Amino acid sequence: YTEDEFDDALRYYNESLDLYRLLNDKDQMARLYLNLGLTNQYLNNYDLALESYQKAIDIFLELGNKEQVGICYQDIGTLYNDLTKYSLALIYYEKALDIFKEIDNKSRSAASYQNIGVLHYNWKNYDQALDFYKKSLKIYEELNNLNGIGTSLSNIGLVYEENKQYNKALEYYQKALLIFEELDYKPAIVY
């Protein structure tokens, strides 16, 4: 997408928001705020993104839509991760994880474990990263989510490589490669 297309998206989201405000359709308003947050985040308008995410959270809380609140927290965590504000990212990833576990959303829980693992990996807390990656892997295996399994295996390989356990790293990389080849997912294969 081009920046102009994102600018158009912002304009359309805001126009739609005005209409849904008139209709008092709070669910659609909250979803539009979430989309505004994502779009502004992509355009590096971080303050506007956070403002939009917070508006979405407020409405989703009012509506009792916990899953969407968790998604907003996850997106805020990603925003802070992008800004290398890892401590803040962790807070929001953990808030998202708590919600996803509470509502028993296994797929989103696995993604949260993965995100938290990446933070610990970046902090060089390899044992903790490994623990979170393994939790993610276990859930993805239960769900038979091949992409998630492949990503988890690859990340586990990275940890073993950092710990100079090269044979174990290779074992996990090979397992990941088989899955990504099965999925014909070329970016991961190149990685």
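The following questions and answers walk through a predicted model of a protein chain.

The model is predicted, so that local features need pLDDT of at least 70 and side-chain atom pairs count only at pLDDT 80 or more, while totals for chains, interfaces and linings use all residues. Residues are numbered from 1 along each chain as its sequence is written, and side-chain values use heavy atoms, with hydrogens and water left out.

Visitor: Which pattern does the protein chain follow along the sequence?

Guide: Helices (H or I, at least four residues) and strands (E, at least two) are DSSP runs numbered from the N terminus. On that basis the protein chain has ten helices and zero strands, and its C-alpha atoms fill a box of roughly 60 × 35 × 30 Å along the principal axes. Read along the sequence, the pattern is α-α-α-α-α-α-α-α-α-α.

Visitor: What percentage of the residues in the protein chain is buried?

Guide: A residue is called buried under 20% relative accessible area, exposed over 50%, and partly exposed in between (1.4 Å probe, protein chains only). Of the 191 residues in the protein chain, the buried ones make up 42%.

Visitor: What share of the contacts with a separation of 6 or more joins residues 24 or more positions apart?

Guide: A contact here means heavy atoms within 4.5 Å. Among contacts in the protein chain with a separation of 6 or more, residues 24 or more positions apart account for 49%.

Visitor: Which helices do the buried residues of α7 pack against?

Guide: Helix α7 has 18 residues and reaches 25 Å from its first C-alpha to its last, close to the expected 26 Å, where the expected span is 1.5 Å times one less than the number of residues. Its buried residues are Y126, A129, L130, F132, Y133, S136, L137, I139 and Y140. An α-helix has 3.6 residues a turn, so residues three or four places apart point the same way. The buried residues of α7 pack against α6 (106–122) and α8.

Visitor: Where is T84, which has a positive phi although it is not a glycine?

Guide: The phi of T84 is about 55°, and T84 is exposed, with a relative accessible area of 53%. T84 is found in the loop between α4 (66–82) and α5 (86–102).

Visitor: Which residue's backbone oxygen lies 2.8 Å from a polar atom of the side chain of T39?

Guide: T39 sits in helix α2 (residues 26–42) and counts as buried at 6% relative accessibility. Not counting residues up to four places away in sequence, T39 touches F6, L10 and Y13. The backbone oxygen at 2.8 Å from a polar atom of the T39 side chain belongs to N35.

Visitor: What distance separates the C-alpha atoms of Y160 and Y126?

Guide: Y160 lies in helix α8 and counts as buried at 4% relative accessibility. Leaving aside residues up to four places away in sequence, Y160 touches L130, K134, Q165, K168, A169 and Y172. Y160 and Y126 are 34 residues apart along the chain, and their C-alpha atoms are separated by 8.5 Å.

Methods. A polar contact is a pair of N or O atoms within 3.5 Å; within protein, one must be able to donate a hydrogen and the other to accept it, and residues adjacent in sequence count only if both atoms are side-chain atoms.
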